[in-house]
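Welcome! Open your viewer, and let us walk through this structure one selection at a time.

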Amino acid sequence: MLEYRGFESFCSAYFYNPSWWQKMLSFLLLPFSLIYCLISRLKFSFSSSQKDLGILVFSVGNLVVGGSGKSPLCKAIYSFFDEMSEYKNAVFIVLRGYRRKSKGCVVVSQKGEILVPCGASGDEAMDYAINGANVIVSEDREAGILKAKELGAKIVILDDGFRHFGIKKFDILLKPFSRPACDFCLPSGAYRLPKSFYALADFIPDDSDIVRNSRILYPTERMVLVSGIANPSRLNKHYDNCVAHYHFSDHYDFSAAELKEILKKHAATSLLVTSKDYAKIKDFGIPVSVIKLELSLSGNFKNILLKYAKSF
């Protein structure tokens with residue numbers, strides 16, 4: 001079993017399972033965390049007046065670095081509303097499009113048609129697009145929301161939008177799968193915003209509100225797990241199904257040559273990847289098995305979404 005993680009390996013240990021010297025480093029960095037926290041609070045205080053963009057916006061976010069399951073939840077909320085006749089084809093997902101090779105506001109997909117390559121959208125946006133969602137990427141979230149409205153959207157789901165305090169929205173905050181070792185902000189702890197900001201959320205789902213089901217599509221006899229996601233420990237349960245595993249940095253830009261070399265090295269019959277990574281390598285001509293994570297929302301969660309939609 002092999003694993004390459006480098007800096008991400010250090011960060012995962014530092015934030016969630018620190019050694020004694022990492023705890024000491026965290027303590028020494030506390031002054032910088034206090035400055036970071038102060039800046040975050042000032043930014044919030046200057047953005048306390050929320051701008052109504054004239055469209056229903058649901059934001060899915062978290063407070064910590066690393067994965068908390070935002071993308072699967074965005075998909076589940078999208079599907080929930082898109083299945084209703086009044087919102088059919090009128091739901092859009094808006095996100096930054098991290099590490100994309102484009103700038104500005106870009107329409108990635110609409111009505112089942114993918115309009116740009118993965119390089120122009122980013123892997124997360126392409127993952128949404130492959131699954132049939134209407135998707136827009138924009139560094140300026142307000143511009144992305146207004147573009148969706150122009151294209152006929154009735155609902156916008158803002159991926160990682162909690163920090164955009166100046167936009168009127170319904171904030172859904174996810175807590176991390178594992179609690180950080182330190183409750184401070186960066187760089188001492190894993191929090192991008194002060195932990196006290198949980199009180200600003202409109203809804204924080206608990207384990208009873210979300211049912212997660214993970215399955216492998218197109219499994220083969222000798223699979224090698226390859227991932228480029230945050231917090232890859234979430235994939236540990238799949239190790240027994242694989243002959244080896246490789247973890248690269250989040251949003252890693254894979255090449256066909258290196259993936260083919262991994263296949264050859266282990267005489268593997270396929271690579272086992274997440275849906276986000278599949279979006280980047282689907283055209284490489286490599287045998288691929290895909291980890292499909294599907295979420296079901298509780299009746300309570302659905303009622304909360306509908307109540308806000310009807311009150312808008």
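Select F58 to begin: does this residue count as buried or exposed? F58 counts as buried because its relative accessibility is 0%, and the cut-off for buried is under 20%. Keep in mind on this tour that the model is predicted.

**The partner of F58**

F58 and F170 make an edge-to-face aromatic pair, with 5.8 Å from centre to centre and 65° between the planes.

**Into the core**

Select L73, I77, F81, I157, F301 and L305. These residues have the most contacts inside the largest nonpolar core, which has 40 residues. Helix 4 (residues 70-82) supplies the largest share of this core, seven residues. Nonpolar side chains tend to be buried together in soluble globular proteins.

Stay on L73 for a moment. Leaving aside residues up to four places away in sequence, L73 touches V60, I172, L174, I210, L295, L297 and F301.

Jump to F248 and Y252, a stacked pair at 4.6 Å centre to centre, with 25° between the planes. F248 is buried at 13% relative accessible area, whereas Y252 is partly exposed at 24%.

Finish at K175, which lies over the face of Y198, 5.0 Å from the ring centre.

Note on methods:
Residues are numbered from 1 along each chain as its sequence is written. This is a predicted model: local features need pLDDT of at least 70, side-chain atom pairs count only at pLDDT 80 or more; totals for chains, interfaces and linings use all residues. Side-chain values use heavy atoms; hydrogens and water are left out. A nonpolar core is a set of buried Ala, Val, Leu, Ile, Met, Phe, Trp, Tyr and Cys residues joined through side-chain atoms within 4.5 Å. Buried means under 20% relative accessible area, exposed over 50%, partly exposed in between (1.4 Å probe, protein chains only). Helices (H or I, at least four residues) and strands (E, at least two) are DSSP runs, numbered from the N terminus. Contact means heavy atoms within 4.5 Å. Rings of Phe, Tyr and Trp (its six-membered ring) pair if their centres lie within 6.5 Å; planes under 30 degrees apart count as stacked, over 60 as edge-to-face and the rest as tilted. A charge sits over a ring if NZ of Lys or CZ of Arg is within 6 Å of the ring centre and within 35 degrees of the ring normal.
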